[in-house]
Protein chains: 2
Amino acid sequence: MTATPTRSPAKRADAQRSIAAILAAAVECLGRNPDASVSEIAKAAGVGRVTLYGHFPNRVDLVDAAFARAVEEGHAALSEVDLEGDPRAAMARLIESSWLLVEQSRSLLLAAQAVLPPGRIRALHAGPAERVQRLIERGQAEDLFRTDLPTSWLVGIMHSVMHSAADEINAGGLVPDQAAPFITATLLAAFTPPGHRTPA
Amino acid sequence: MTATPTRSPAKRADAQRSIAAILAAAVECLGRNPDASVSEIAKAAGVGRVTLYGHFPNRVDLVDAAFARAVEEGHAALSEVDLEGDPRAAMARLIESSWLLVEQSRSLLLAAQAVLPPGRIRALHAGPAERVQRLIERGQAEDLFRTDLPTSWLVGIMHSVMHSAADEINAGGLVPDQAAPFITATLLAAFTPPGHRTPA
DNA sequence: CATAACTCGTACACCGGTGTTCGACAAGAG
DNA sequence: CTCTTGTCGAACACCGGTGTACGAGTTATG
């Protein structure tokens, strides 16, 4: 389902190259400016606007495809992170790897949110989110993460804090290198069960 | 500076009424849809589009004024919250009061962010932010809030978590009444100094 | 190499929003 | 009461983005 599904009558090599270039350009442009126009993307892809419309019926479908691709790539990258062992250490590793991805595709997410139905966004996120959720649940089972708040809430907080770090950076009050430790320190404390000691 | 500054040659009573209606309508419309058009706002204000342009030279200035007004109102409402006594209890009270405001004007903030320079946004926020910052600093001085992270970071987290709650609500996984306690529980834990016990 | 698939540029129609102009009319202030 | 200030609606030009149509040229593929 992830590789080329070899659609109806199989595309020509030429076309596949174009599609790849368009998709890459879309991710790049929308990652800079969530309102990037179709012309802009086509130009960045080194392709005519008409050609683009030949492969994607409209702007919405293009954004959808670009976003889906970015999520998929991120998911793949995150799959290599070791989530075994101490859940808190695993969470720290996961944050370290997620953080860069989240920051880079923040603008792309905005683009997607602007034109895609909310349900679609969540559906695309389902894959990566599940991994996070499992880690949190394991931490909860070992009494290291709090259980007085829903797991889905904790997942949301994780996203939210990374988002906050991105804001803080382009507000100028934070340099990118500091971000990961700050996020980790914040989240591990936030996840600590009531009455327990915060990790030093 | 907050009341009518009695500008150049003093406005007519008629005009003042219009301006008030426009401002109120702008806050309301942009609060629903960050992309609300000028026509939409004028209609909601019960005023001709031309009349609106008579008072606000362009859309940007209108959004600025509406946002500034909303912030000012919120600031006024929050000024009545008692921030004395136990910093953690005070923080809980502050969250309880802030939460509703933040949720209501979330969309308005988006509208502002879309057209106003980032510096302007932060400048408008300066007033309310200072109060929060002072409370956090007091908590830090009493060893109840962590000092291993910058105060500005903690302020950012507070905003961010409330934002997250709003997302969770319109994703359907949370009813508005639960929000405040969830936010409080999360933030008080996140603010706890390393090695200390989380509040029960 | 022949054909089907693909690409390109230009040009066009369409849409919705913005900001301005005009002239007539209503209403507040002195 | 008068006259300045404000209001109104309709109409207009402008802009930028979207999506389509055409026709000629190019390239992969069998």
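In chain A of this predicted model, the contact between α4(A) and α7(A) brings A:Phe67, A:Ala68, A:Val71, A:Gly74, A:His75 and A:Leu78 of α4(A) against A:Leu124, A:His125, A:Gly127, A:Pro128 and A:Arg131 of α7(A). Contact here denotes two residues whose C-beta atoms, placed from the backbone, lie within 7 Å, and helices are DSSP runs (H or I, at least four residues), as strands are runs of E with at least two, numbered from the N terminus. These contact residues divide into 6 nonpolar, 4 polar and 1 charged. In this classification Ala, Val, Leu, Ile, Met, Phe, Trp, Tyr, Cys and Pro are nonpolar, Asp, Glu, Lys and Arg are charged, and the others, Gly among them, are polar.

Two packed helices are described by the angle between their axes and the distance between the axes. The axes of α4 (residues 59-78) and α7 in chain A come within 9 Å and cross at roughly 15°; axes are lines fitted to C-alpha atoms, for helices over the stretch in contact, and angles run from 0 to 180 degrees between N-to-C directions. α4(A) and α7(A) are therefore roughly parallel, a term for angles under 35 degrees, while those over 145 count as roughly antiparallel, 65 to 115 as roughly perpendicular and the rest as oblique.

Residues are numbered from 1 along each chain as its sequence is written, and chains are lettered from A and ligands numbered from 1 in the order in which they are written. Local features need pLDDT of at least 70 and side-chain atom pairs count only at pLDDT 80 or more, but totals for chains, interfaces and linings use all residues.

Chain A as a whole has 9 helices and 0 strands, and its C-alpha atoms fill a box of roughly 60 × 40 × 25 Å along the principal axes.

In chain B, helix α4 (residues 59-78) packs on helix α6 (residues 106-115) at an angle of about 140°, with the axes 10 Å apart. That angle makes α4(B) oblique to α6(B). B:Val60, B:Val63, B:Ala66, B:Phe67 and B:Ala70 of α4(B) meet B:Leu108, B:Ala111, B:Ala112 and B:Val115 of α6(B). This contact has 9 nonpolar residues, with no polar and no charged ones.

Between the chains, 30 residues of chain A are in contact with 30 residues of chain B. On the chain A side, α7 (118-141), α8 (151-170) and α9 (176-191) each supply at least two residues, and α8(A) gives the largest share, 10 residues. By class, this side has 14 nonpolar, 11 polar and 5 charged residues.

A rotation of 180° with 0.0 Å of shift along its axis superposes chain A on chain B (RMSD 0.1 Å), by least squares on the C-alpha atoms of residues with pLDDT of at least 70 in both copies. The two copies are thus related as by a two-fold rotation axis.

Of the 20 residues around DNA strand D, A:Ala13, A:Asn58, B:Ser18, B:Gly48 and B:Thr51 come nearest.

Note on methods:
Near = placed C-beta within 6 Å.
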